Amino acid sequence: MSAESKILVVDDELVVIKSAERVLKSEGYQIEGALGGREAILKMEQGTYDLVFTDLKMPEVDGITLIRWIKKSRPNIGIVIITGYPSQDTMKEAIELGIIDYVPKPFTPSVLLDVTKRAVEWAEGRKPSEEKAVAEEFPPAMAKELDRVIREYRQRPGCLIPVLQRAQEIVGFLPPVVQKRIAKGLNMPEAEVHSVVSFYSFFTMKPRGDHNVRVCLGTACYVKGIEGVLAKIKDQLKIDIGETTEDRKFSIEGVRCLGACGLAPVMMIDQETYGALTPSKALKIISQYGGPASGQSPEEETAAVAEQEG
Amino acid sequence: MEKVRSHLMLCAGTGCVASGTTKVKAALEEELAKKGLSEEIKIVLTGCNGYCAEGPVMAVYPEEVFYQKLTVEEVPKLVEEHFLKGRPYQKLMFREPEKKTAIPAMKDIPFFKHQVLRVLRNKGLIDPEKIEEYIARDGYQAVAKALTAMTPEEIIKTVKDSGLRGRGGAGFLTGLKWEFASKVPSAVKFMLCNGDEGDPGAFMDRSVMEADPHSVIEGMIIGAKAIGANYGYIYVRAEYPLAVKRLRMAIDQATEAGLLGKNILDTGFDFELDIYLGAGAFVCGEETALMRSIEGKRGMPRPRPPFPAVKGLWDKPSVLNNVETLAQISPIILNGSEWYRSLGTEKSAGTKVFALTGAVNNVGLVEVPMGIPLRTIIYDIGGGIKKGKKFKAVQLGGPSGGCIPEHLLDIPVTYEDIVATGAIVGSGGMVVMDEGTCMVGTAKFFLEFTADESCGKCTPCRVGTKILLDMLTDITEGKGKESDIATLEDLSRDIITTSLCGLGQTAPNPVLSTLRYFKHEYESHIHQKWCKAGVCRNLTTFWIDEKLCKACGACLRACPSKAIVGEKKVPHKIIQELCVNCRTCFDTCKFNSIRILPAGFEGDPNEFLAKTAAGAKEEK
């Protein structure tokens with residue numbers, strides 16, 4: 001089945017396209033090339049592809065922009081990066097955008113074949129149910145990044161917690177596969193890794209939503225009525241603390257104190273702090289993040305308005 | 001150097017940023033550019049000013065005019081009035097409640113007037129991201145003095161004589177701690193900083209790390225020299241991203257300036273400093289647990305001795321100091337121990353920062369000399385209770401502390417006097433509660449916290465706090481038993497005496513202190529099924545006093561379950577069958593016409609309330 005996979009190779013250097021073609025064609029893949037992001041988008045507008053291999057540094061439309069476009073317009077196409085300059089920041093961004101893997105430049109035929117084979121398997125495995133795959137395994141690009149972090153920290157004493165923090169940044173949460181990989185990499189028992197993950201409230205074994213709503217449960221917020229606000233938010237998103245909505249958009253987390261007691265009651269969504277909350281203000285803010293709009297049904301709302309006018 | 005007419009010190013602490021500092025800054029820049037003032041008026045983003053509730057706040061120098069509650073809409077007017085016409089803009093100034101006159105200068109505003117700034121000496125005055133500005137305010141002079149002109153013994157003696165006590169909670173003498181560690185021979189020692197501010201309701205450490213990160217680093221270098229440590233960590237909560245960023249920057253700048261790293265100031269002294277991100281566990285505020293956490297393990301405490309000064313991080317002698325303690329070090333070294341002792345009392349010297357929050361008018365960070373009465377903090381600085389309500393209690397010391405009632409408000413704030421009330425100074429969280437707070441509910445709130453945060457290593461804490469919590473939950477739900485109060489007291493004492501670390505040894509304090517001063521609330525919950533504050537849903541009946549009801553319809557509209565009936569000019573009534581006791585009407589009513597009765601009340605409310613009021617008087 002891999003033989004039918006259609007791959008688009010995007011690079012501003014023709015020699016890269018040519019050499020990829022030479023290697024992959026012999027294994028039965030169908031290869032096409034594009035010399036830049038713009039040409040690649042045109043090609044994808046017209047034909048279908050299973051995978052896109054793309055360079056990051058290209059004039060005009062660069063790799064990251066292209067990946068953004070693919071994720072938005074052709075979410076079924078798997079993406080692999082070919083790059084000579086894997087700066088940590090761009091790699092992090094690319095991984096966050098959801099690439100499958102990356103090939104360092106220059107590459108040997110066997111590396112390219114290896115990555116391609118895995119990427120094709122991954123892309124096919126994912127297609128039917130987009131999101132489910134994540135819980136059991138994660139894309140090779142994430143695995144590589146994780147291994148790099150493990151290597152970077154391995155020699156330092158007491159490195160487990162920093163590694164877990166970085167791993168959670170990369171993967172988003174810490175499922176058993178990630179914990180196992182870290183245990184192996186740091187040469188320690190899995191139980192020890194798990195004991196640390198389960199001890200600290202910062203670590204989560206469940207995926208969080210795109211937006212993490214952190215509700216402050218500190219004393220000042222308690223005195224100022226955070227309980228009412230929290231109840232309304234739970235009601236609106238139909239989840240409890242520690243859960244994620246079905247569409248993976250929101251999750252709620254209860255935190256001990258956000259240290260913004262002067263503004264109590266407080267919540268944080270992603271990196272933004274919101275203070276002096278009331279239940280209705282909190283719902284309004286959540287709806288700005290694309291959450292379900294105002295808690296009242298249209299009829300109720302009209303009724304409320306009528307009542308106020310009357 | 002460029003010539004600047006005015007500096008606008010705009011607060012960029014977490015509180016003000018949440019209230020809109022970023023937008024206000026953009027609007028100010030745009031407006032100043034429009035009026036051609038960009039060259040002569042400079043905007044500086046500062047760390048937390050402390051007056052968080054009225055944010056975003058800004059001070060204009062050299063005039064020292066203080067503006068609060070800035071909005072994008074008001075910016076054009078402000079720029080025109082103050083910076084073009086030279087007339088400070090009254091509308092955005094502080095006004096005392098009730099009095100109408102605007103107060104322009106920060107030093108005249110009651111919130112600031114009673115404060116003495118030592119820890120917060122640079123708040124609102126420097127850009128925390130620039131080491132030059134810290135140095136311009138005498139920064140790192142104390143390091144120079146300590147490293148070139150003082151022996152470790154002299155440093156320790158100065159700190160010991162100053163009477164500085166650990167500001168993190170226990171109040172142990174800092175100089176003594178240093179002395180212990182300095183006397184243990186070891187090639188490797190560690191100087192650690194506790195920035196894992198775990199107490200809910202306290203945020204002074206966050207503020208110091210954000211507004212003046214170099215002051216913490218300076219304190220650490222001096223401490224390291226005193227004990228002979230060449231390595232250090234600052235342990236910070238991951239929940240404080242801005243503090244982490246500013247500390248990282250500060251460490252880089254200090255390293256570049258030769259104040260950290262090898263051969264500091266050419267004295268041959270080495271000190272490497274790094275940041276360690278905590279992962280969220282309250283127990284890590286305990287020193288042995290924090291050290292375990294830096295080792296990459298579960299942050300569980302271990303029995304002492306051996307004390308960390310002998311066997312700490314990786315079994316090496318270690319000293320752990322709190323952020324606020326370390327920020328006090330450099331002025332002590334520069335000005336001497338006598339200067340430090342000029343404020344405070346014999347046993348509680350110097351100043352302490354409190355995070356004043358809850359039901360007071362002015363919330364924020366306040367630094368006061370130790371020994372001033374609680375009442376001054378709450379009424380003069382805090383401006384009294386919000387919405388003219390009655391004061392009920394002030395909670396000090398977070399989950400390890402206790403509640404102090406009205407009749408003790410005149411005691412001086414010192415370590416000893418506060419402990420005598422059953423509370424602790426702790427890290428300085430000061431949460432004011434008004435009459436609408438249920439004290440049984442408050443005790444339950446803290447026990448929920450400690451039961452959840454107990455690390456589980458020792459049984460008294462793990463099981464004991466859970467049992468306390470279950471009993472308190474029962475009482476607030478109307479399932480309290482006659483014997484509960486005695487059991488709560490007994491069990492609390494057992495947990496205190498048998499727990500391994502500070503968490504368990506102090507966890508019952510909220511229960512004991514509320515029992516001590518508010519036993520009648522426990523009794524009315526258990527015997528009369530009556531939560532007089534109207535907080536515990538199962539223990540209340542809301543009733544409208546028809547004599548007081550103005551039939552305004554406010555409660556009727558606010559009621560979510562439509563349980564209130566009435567018309568204009570006809571006193572309203574609550575249909576008890578529909579009421580879910582959510583308390584919305586009680587909070588909405590402006591005429592105090594809604595009264596709280598025991599659960600399932602039957603009979604004549606007027607008669608009942610008159611009788612209980614008379615009973616209360618008699619008791620007094």
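Let's start with one pair of residues: M267(A) has Y274(A) as its bridge partner in β9(A). Keep in mind that this is a predicted model.

**The sheet in chain A**

The strand that pairs with β9(A) here is β8 of chain A, residues 267-269, and the two run antiparallel over 3 bridges.

**Where the two chains touch**

Now for the contact between the chains, which takes 34 residues from chain A and 43 residues from chain B. On the chain B side, the elements giving two or more residues are α1 (14-19), α12 (287-294), β12 (351-358) and β16 (429-434) of chain B. Of these, α1(B) gives the most, with 4 residues. Sorted by class, the chain B side that touches chain A holds 20 nonpolar, 16 polar and 7 charged residues.

One residue worth a look is T14(B), which lies in helix α1 of chain B. Is T14(B) buried or exposed? It is buried, because 30 other C-beta atoms lie within 10 Å, and 20 or more is enough to count as buried. Leaving out residues up to four places away in sequence, T14(B) touches G259(A), A260(A) and T273(A) in chain A, plus E210(B) and L242(B) in chain B.

**Helices side by side in chain B**

Two packed helices are described by the angle between their axes and the distance between the axes. Here are those values:

| Helix pair | Axes come within | Crossing angle |
|---|---|---|
| α17(B) (439-453) and α18(B) | 9 Å | roughly 150 degrees |
| α18(B) (459-476) and α19(B) (484-498) | 10 Å | roughly 160 degrees |

Angles over 145 degrees count as roughly antiparallel. α17(B) and α18(B) are therefore roughly antiparallel to each other, and α18(B) and α19(B) are therefore roughly antiparallel as well. The crossing of α17(B) and α18(B) is left-handed, and so is that of α18(B) and α19(B).

Which residues of α17(B) make the contact with α18(B)? They are V440(B), G441(B), A443(B), K444(B), L447(B), E448(B), T450(B) and A451(B). On the α18(B) side, the residues include T465(B), L468(B), L472(B) and I475(B). By class, this contact has 8 nonpolar, 5 polar and 3 charged residues.

On to the other pair: among the α18(B) residues that meet α19(B) are P460(B), C461(B), G464(B), I467(B) and M471(B). Their counterparts in α19(B) include D484(B), L488(B), L491(B), D494(B) and I495(B). That contact has 9 nonpolar, 5 polar and 2 charged residues.

Terms used
Residues are numbered from 1 along each chain as its sequence is written. Chains are lettered from A and ligands numbered from 1 in the order in which they are written. This is a predicted model: local features need pLDDT of at least 70, side-chain atom pairs count only at pLDDT 80 or more; totals for chains, interfaces and linings use all residues. Two strands pair if DSSP finds at least two bridges between them. Two residues are in contact if their C-beta atoms, placed from the backbone, lie within 7 Å. Ala, Val, Leu, Ile, Met, Phe, Trp, Tyr, Cys and Pro count as nonpolar, Asp, Glu, Lys and Arg as charged, and the others, Gly among them, as polar. A residue is buried if 20 or more other C-beta atoms lie within 10 Å of its own, exposed if 12 or fewer, and partly exposed in between; C-beta atoms are placed from the backbone. Axes are lines fitted to C-alpha atoms, for helices over the stretch in contact, and angles run from 0 to 180 degrees between N-to-C directions. Angles under 35 degrees count as roughly parallel, over 145 as roughly antiparallel, 65 to 115 as roughly perpendicular and the rest as oblique. A crossing is left-handed if the near helix is turned anticlockwise from the far one by less than a right angle, and right-handed if clockwise.
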